[in-house]
Amino acid sequence: LTDAAPGASNRTATASRMIPINSWHQRGLWFEHRGHPIYYIDQQRSGGPVLLLIHGFPTSSYDFAELWPRIEGSFGRIVAPDMIGFGFSAKPPDHPYDLMDQVDLHEDLLARLRVDQVHVLAHDYGVSVAQELLARHLRRPPPRLELASVTLLNGGLFPETHRARPVQTLLLGPLGPLISRLNDRRRFGRSLAAVFGPQTQPDPALLDAFWKLCTHNDGHRIAHRLIRYILDRRRHRERWVDALQTTPVPLRLINGPEDPVSGAHMVSRYRELIPAADVVSLPGIGHYPQVEAPQAVADAFLAFVQPLLQSTGKTR
C-alpha cells in the first residue's frame, strides 16, 4: 500500500480550474446506441496507445476535465463517453439502465471507432463497467477488445463493502420516483459534498456545473432508475470479483481513503481478495480523487501505465 501525498495545490476542489461545461460540450461528438444519441469525446493525436475514460454516478465524462491535460501527452488517443442516462447523452425515462447495457455501449463505440486495444481508467459506477470488460476479456477468444491495463478509482468493487448514501437507499426503495422528483440543487450539493474529503470540499461553482450536467435532459428525474446499478452489482458479484482475481490484465487501484462510500474500508477488502494488490492511497482525499487531487492521480496513474505503454500496439 503506497501513500502518495496529494500536494498543496490539490487541497481545494474548485470549479475555477476546470473547463466550463459549455466548452466541454463543444468538444463532443455523437453516436447512436439503441436509437438514442450518445455524447462522447474522441481526442486523437496519433496512432499510439488509446485510453478509455469511464465516469461514475451521477455525473459524466466531465469528471475527468481537470485530469485530462495532465495525462493526455502519454496517449495517442483518449475516448470518453457520457453513458446513457448521464451528462449530455440521452436520458429516456423508460430505459432499463442496466450495467451490462452500459458495457455494450462502450464496446459499440470503440468498435465504431475501430479501436481494438485500450488502457482503461474508471471511477465509481464506471468500475463495474470495467469489471465486466475484464470478465468478457477473460471469456472471449481473440479477436476481442484487448485491455492493456485497467486503473480503478473509488468505486463499489464489492457489494459487501459498498456503503450507500441515505439518498441512494431511498432512491432504490419504493419511494424512489418521488425522491427523484423532489431532488434539487441544495439536496444534490449537500449529498455530493459529503463524499469529498474534509479539506477538498467542492465549491458552489463546481456543484453548479455537476448539477447542470445531471439535470440536462431532465436526468435528475431518472435517478431512481439509474440507481439500480446497486442491484446489478449484487447480481453479478461473483463474476465481477472473479474477473479481478483471475485477469492477466495489469490492475492498479487509486483510492481516496476519506470516501465514506468506497474508501479505506473497501481497500481493506480489496487487499484481502486480490492477489498482490497494487494500491495507491491518497491521504485526505475522498470519493472523487480525479477532481480533488488531479495531479496526485495523474502521477499515480502514469507511473503505473508508462512502463506498459511501450508494449501497447497502435490502434488497428
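Residues are numbered from 1 along each chain as its sequence is written. In this predicted model, local features need pLDDT of at least 70 and side-chain atom pairs count only at pLDDT 80 or more, while totals for chains, interfaces and linings use all residues, and side-chain values use heavy atoms, with hydrogens and water left out.

Start with the whole chain. It holds 14 helices and nine strands. Helices (H or I, at least four residues) and strands (E, at least two) are DSSP runs, numbered from the N terminus. The C-alpha atoms fill a box of roughly 50 × 45 × 40 Å along the principal axes. A compact globule of 316 residues would have a radius of gyration near 20 Å, and the chain, at 18 Å, agrees with that. The radius is taken over C-alpha atoms, and the globule rule is 2.2 Å times the number of residues to the power 0.38. Of the 316 residues, 60% are buried. Here buried means under 20% relative accessible area, exposed over 50%, and partly exposed in between, with a 1.4 Å probe and protein chains only.

Now look at strand E4, residues 50-54. Five of its five residues are buried, and the strand is mostly covered. Val50, Leu52 and Ile54 point one way from E4. Leu51 and Leu53 point the other way. E4 pairs with two strands. Two strands pair if DSSP finds at least two bridges between them. Strand E5 (residues 77-81) runs parallel to E4, with three bridges. Strand E6 is also parallel to E4, with four bridges. Leucine 51 takes part on both sides: its bridge partner in E5 is isoleucine 78, and in E6 it stands opposite histidine 119.

Is valine 115 buried or exposed? Its relative accessibility is 6%, so valine 115 counts as buried. Valine 115 and valine 50 are 65 residues apart in sequence. In space, their C-alpha atoms are 7.8 Å apart.

Move on to strand E8, residues 251-255. Five of its five residues are buried, so E8 is largely enclosed by the rest of the structure. Leu251, Leu253 and Asn255 point one way. Arg252 and Ile254 point the other way, and these are buried too. E8 also has two pairing strands. Strand E7 (residues 146-152) runs parallel to E8 and is joined to it by three bridges. There, valine 150 has leucine 251 as its bridge partner. Strand E9 (residues 279-281) pairs with E8 in the parallel sense, again over three bridges. Leucine 253 has valine 279 as its partner in E9. Between E8 and E9, the chain passes through helix H12 (residues 264-273), and this β-α-β crossover is right-handed. That is, with the strands pointing away from the viewer, the path from the first strand over the helix to the second runs clockwise.

Grid points are joined across faces, edges and corners, and a volume is the space filled by probe spheres set on the points.

The largest pocket has a volume of about 630 Å³. It is lined by 34 residues, and Val167, Leu171, Asn183, Phe188 and Ser191 are the closest to its centre. Which helices supply at least two residues of this lining? They are H5 (166-172), H6 (176-182), H7 (185-193), H8 (204-215) and H9 (223-226). By class, the pocket lining has 20 nonpolar, nine polar and five charged residues. Ala, Val, Leu, Ile, Met, Phe, Trp, Tyr, Cys and Pro count as nonpolar, Asp, Glu, Lys and Arg as charged, and the others, Gly among them, as polar.

Two cavities of 30 Å³ or more complete the tour. The largest cavity has a volume of about 50 Å³. Its lining includes Glu107, Arg136 and His137. Helix H4 (residues 125-139) gives the largest share, three residues. This lining has three nonpolar, one polar and four charged residues. The second largest cavity holds about 30 Å³. Among the residues that line it are Asp124, His162, Tyr229 and His287. Its lining divides into two nonpolar, six polar and two charged residues.

Note on methods
On a 1 Å grid over the protein atoms alone, a cavity is a set of points where a 1.4 Å probe fits but cannot get out, and a pocket is an open set with protein on both sides within 12 Å along at least five of seven lines; lining residues have an atom within 4 Å of a point.
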